[in-house]
Amino acid sequence: MRLSSFVHAGKQIEAELIAFRRELHRYPELSLQESETAAKVAQRLGELGIDFRSRVGGNGIVAELTGEQPGPVIALRADMDALPIHEESGLEFASTRPGIMHACGHDAHTAILLGAAELLADKKIKGTVRFLFQAAEEINAGAKAMVEQGALEGVDEIYGLHNLPTLSAGLAATRYGSLMGSVDRIEIHLEGRGGHGAIPDQAVDPVVCAANIIMALQSIVSREVSPFDPVVVTIGSIKSGEANNVIPHYADMTGTIRTFDAKMQKQMPERIERIVKQIAAGHKCQAELKYIGQTPVLINDEECNRHVEQVIDQMIGSERRVEAPPTLAGEDFSVYLQHVPGCFFWLGSGPAVDASSAYGLHHPKYRLNEDCIPLGAALLAAVAQHRLAVNEHTV
């Protein structure tokens with residue numbers, strides 16, 4: 001089958017893929033709660049006659065399409081979970097579950113991977129295509145759990161995509177090397193001594209201590225790290241006290257650390273701990289720091305990225321492929337890439353005109369241009385087919 005014919009085949013199943021995506025969008029499920037979504041995926045795989053096993057890494061599903069002749073094992077992955085966001089898109093198929101929304105397009109990713117499975121189901125292939133429907137990507141837990149339960153056993157290469165609403169539908173974006181940042185979480189607990197807000201000398205104020213820690217943490221980026229090494233240190237939540245005239249006895253903070261280099265990621269815990277502990281001591285507070293590593297930098301394999309670009313160019317033309325800018329947003333697809341070579345790329349899901357003004361991922365008004373769904377399915381199917389054909393001589 002010519003790779004370009006996958007685009008036409010994808011258009012033929014467009015209506016059913018969009019309908020499936022809208023069903024998931026109406027009934028989103030948070031990380032580790034994706035049981036209904038998984039059941040719908042399992043039902044569709046059964047209808048396609050594709051073998052699968054459920055409850056892998058939580059609610060994940062691993063399906064496998066095996067050719068009549070031996071060959072490589074190529075994995076394709078999609079995520080299924082939604083976000084704790086109240087939807088404001090105004091869509092007629094908007095979420096029916098208050099406070100939960102598919103604001104990152106994982107509903108479309110799931111439909112796309114099912115579409116790829118359908119496009120490949122009746123093809124004569126040499127080797128195996130493994131489809132990973134992953135849970136809990138939003139909390140950076142799903143990929144690790146899938147790997148621990150054998151989802152990558154025997155896999156030679158892995159591929160995946162993510163929709164991008166600020167890139168017009170019909171376009172795709174690739175990048176060699178590092179594409180997305182590492183993700184780590186920090187939790188800081190400060191113990192002071194509570195007291196009357198009007199008598200601060202008889203108390204130890206953890207709020208003032210917290211404020212100084214927050215400002216000092218930014219000095220890591222501005223004074224300890226080269227301007228050529230992207231790093232982000234963000235404190236996203238502070239909780240302390242209940243009344244305006246009371247100095248509380250504690251302050252809790254949580255934050256995220258993002259880097260674009262594996263070596264830099266390893267250096268950050270010492271830097272964070274040094275600042276937190278020493279500033280806390282200077283304010284007579286006790287500090288407890290939990291530094292939680294979550295996902296590594298997402299680094300595409302050079303050869304796999306080249307193969308994806310070849311497929312995109314053959315299917316939609318090189319003029320519709322652009323270079324993806326680096327981002328410190330994270331993706332736990334990076335966990336798979338620590339075990340096997342692979343490539344992750346962006347699929348345009350924005351308006352045809354001026355996509356740069358579209359609402360971005362994780363926004364309550366986020367909308368996905370559904371034209372991207374059949375194209376995404378065609379691209380993933382073609383990547384798998386291309387890799388199996390290219391690797392035939394190595395079997």
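This section describes the overall dimensions, surface and charge of the chain, and then one of its helices. The structure is a predicted model. Its secondary structure consists of ten helices and 16 strands.

The C-alpha trace extends over about 80 × 45 × 40 Å along its principal axes. The radius of gyration is 23 Å, which agrees with the value near 21 Å that a compact globule of 395 residues would have. Of the contacts with a separation of 6 or more, 82% are formed by residues 24 or more positions apart. Buried residues make up 54% of the 395 in the chain. The accessible surface amounts to about 17,000 Å², and carbon and sulfur atoms contribute 50% of that area. Among the side chains, 35 are positive and 50 are negative; the centres of these two sets are separated by 1 Å.

Helix H6 was examined individually. The buried positions of H6 are Pro-206, Cys-209, Ala-210, Ile-213, Ala-216, Leu-217 and Ile-220. The cover over these buried residues includes both strands and a helix. The strands among these elements are S8 (183-191), S10 (231-239), S11 (246-247) and S12 (250-259), and the helix is H7 (262-282).

Conventions. Residues numbered from 1 in each chain as written. Predicted model: local features only at pLDDT ≥ 70, side-chain atom pairs only at ≥ 80, totals over all residues. Heavy atoms only, no water. Helix = DSSP H or I, 4+ residues; strand = E, 2+ residues; numbered from the N terminus. Rg over C-alpha atoms; globule rule 2.2 N^0.38 Å. Buried < 20%, exposed > 50% of the residue type's maximum accessible area, 1.4 Å probe, protein only. Contact = heavy atoms within 4.5 Å. Areas by Shrake-Rupley, 256 points an atom, 1.4 Å probe, with all protein chains shown as cover. Lys, Arg positive; Asp, Glu negative; His and termini not counted. Charge placed at Lys NZ, Arg CZ, Asp CG, Glu CD.
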